[in-house]
Amino acid sequence: MAMAASPATSSTVSRAASYARPSSASIRAPGAAAVSFPSRHSARTTGLVADARASRLPVVAAAAPGHQRLMGSLTNTEGLRFGVVVARFNEIVTNLLLQGALEAFERYSIKGENITVVSVPGSFEIPVAAQKLGKSGKYDAILCIGAVIRGDTTHYDAVANSAASGVLSAGLSAGVPCIFGVLTCDDMDQALNRAGGKAGNKGAETAITAIEMASLCRHHLS
């Protein structure tokens with residue numbers, strides 16, 4: 001014979017049910033779009049974005065009418081001049097990166113006469129050359145191309161960190177964009193994959209970034 005649930009048990013179940021919120025419940029204010037509350041397990045960034053799109057919620061950036069947005073152009077490149085500092089160390093990689101950068105420049109109508117390539121011994125020497133070029137006032141942006149590959153000692157960390165901080169410092173002190181295009185890889189295969197292999201050519205990506213930043217600074221921030 002089945003036993004009836006005790007009052008305490010029934011009360012507990014009743015309270016639990018009263019606090020439960022359906023994961024698909026919707027609340028609609030007068031004249032507003034319905035907004036669905038995702039469940040605890042689906043409350044991820046992608047889920048929230050999908051919910052916002054589905055309910056046609058306005059994008060935050062679009063909610064500020066009259067704001068100004070400044071961006072560099074990849075098409076308005078007339079007259080832009082670029083310096084390229086390339087390290088000779090690990091030349092099998094850096095030559096490919098340089099080739100990718102020059103091809104990208106050509107693709108975006110940067111004339112060869114507006115590009116100056118400076119060769120330095122290694123990535124550690126890139127920042128000082130970049131700073132000199134930037135302060136000359138002749139260039140709208142400087143590309144910094146090199147390749148540092150991890151070895152058996154901590155020399156890799158010293159060079160990689162110095163190159164990164166040095167390029168940043170060069171750009172800030174010269175007031176000219178200095179774009180970091182130094183590969184920092186664990187082995188040669190990784191480097192070659194990023195110098196025209198299956199991971200693309202980071203030299204080309206660096207050049208495209210330089211064009212956009214040069215255009216931004218020339219046309220909007222000068």
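Let's start with a glycine: leaving out residues up to four places away in sequence, Gly79 touches Asp140 and Arg218. Bear in mind that this is a predicted model. Gly79 sits in the loop that runs between α2 (45–54) and β3. Is Gly79 buried, partly exposed or exposed? Its relative accessible area is 33%, so Gly79 counts as partly exposed.

Now for a residue in a helix. Glu212 belongs to α7, and with a relative accessible area of 31% it is partly exposed too. Which residues does Glu212 touch, once those up to four places away in sequence are set aside? They are Met71, Gly72, Ser73 and Leu74.

| Pair | Separation in sequence | C-alpha to C-alpha distance |
|---|---|---|
| Gly79 and Lys111 | 32 residues | 8.6 Å |
| Glu212 and Ser73 | 139 residues | 5.4 Å |

Next, the inside of the model. In soluble globular proteins, nonpolar side chains tend to be buried together. Here, the largest nonpolar core has 26 residues. Phe82, Val84, Val93, Phe105, Leu143 and Leu183 have the most contacts inside it. Which elements give two or more residues to this core? They are the strands β3 (82–87), β5 (141–149) and β6 (178–185), along with the helices α3 (91–107) and α7 (202–219). Of these, α3 gives the most, with 6 residues.

Leu143 is a handy place to look around. Setting aside neighbours within four places in sequence, Leu143 is in contact with Phe82, Gly83, Val84, Val85, Ala101, Phe105, Ile179, Thr206, Ala207 and Ala210. Apart from this core there is another one, made of 19 residues, including Ala87, Ile126, Ala129 and Ile142.

Ile126 also turns up in a helix pair. The axes of α4 (residues 126–135) and α5 (residues 155–174) come within 8 Å of each other and cross at roughly 10 degrees. Angles under 35 degrees count as roughly parallel, and that makes α4 roughly parallel to α5. The crossing of α4 past α5 is right-handed.

So who meets whom? On the α4 side, the residues are Ile126, Pro127, Ala130, Gln131, Gly134 and Lys135. On the α5 side, they are Ser162, Ala163, Gly166, Val167, Ala170, Ser173 and Ala174. Sorted by class, this contact of α4 with α5 has 7 nonpolar, 5 polar and 1 charged residues.

Notes:
Residues are numbered from 1 along each chain as its sequence is written. This is a predicted model: local features need pLDDT of at least 70, side-chain atom pairs count only at pLDDT 80 or more; totals for chains, interfaces and linings use all residues. Side-chain values use heavy atoms; hydrogens and water are left out. Axes are lines fitted to C-alpha atoms, for helices over the stretch in contact, and angles run from 0 to 180 degrees between N-to-C directions. Helices (H or I, at least four residues) and strands (E, at least two) are DSSP runs, numbered from the N terminus. Angles under 35 degrees count as roughly parallel, over 145 as roughly antiparallel, 65 to 115 as roughly perpendicular and the rest as oblique. A crossing is left-handed if the near helix is turned anticlockwise from the far one by less than a right angle, and right-handed if clockwise. Contact means heavy atoms within 4.5 Å. Ala, Val, Leu, Ile, Met, Phe, Trp, Tyr, Cys and Pro count as nonpolar, Asp, Glu, Lys and Arg as charged, and the others, Gly among them, as polar. A nonpolar core is a set of buried Ala, Val, Leu, Ile, Met, Phe, Trp, Tyr and Cys residues joined through side-chain atoms within 4.5 Å. Buried means under 20% relative accessible area, exposed over 50%, partly exposed in between (1.4 Å probe, protein chains only).
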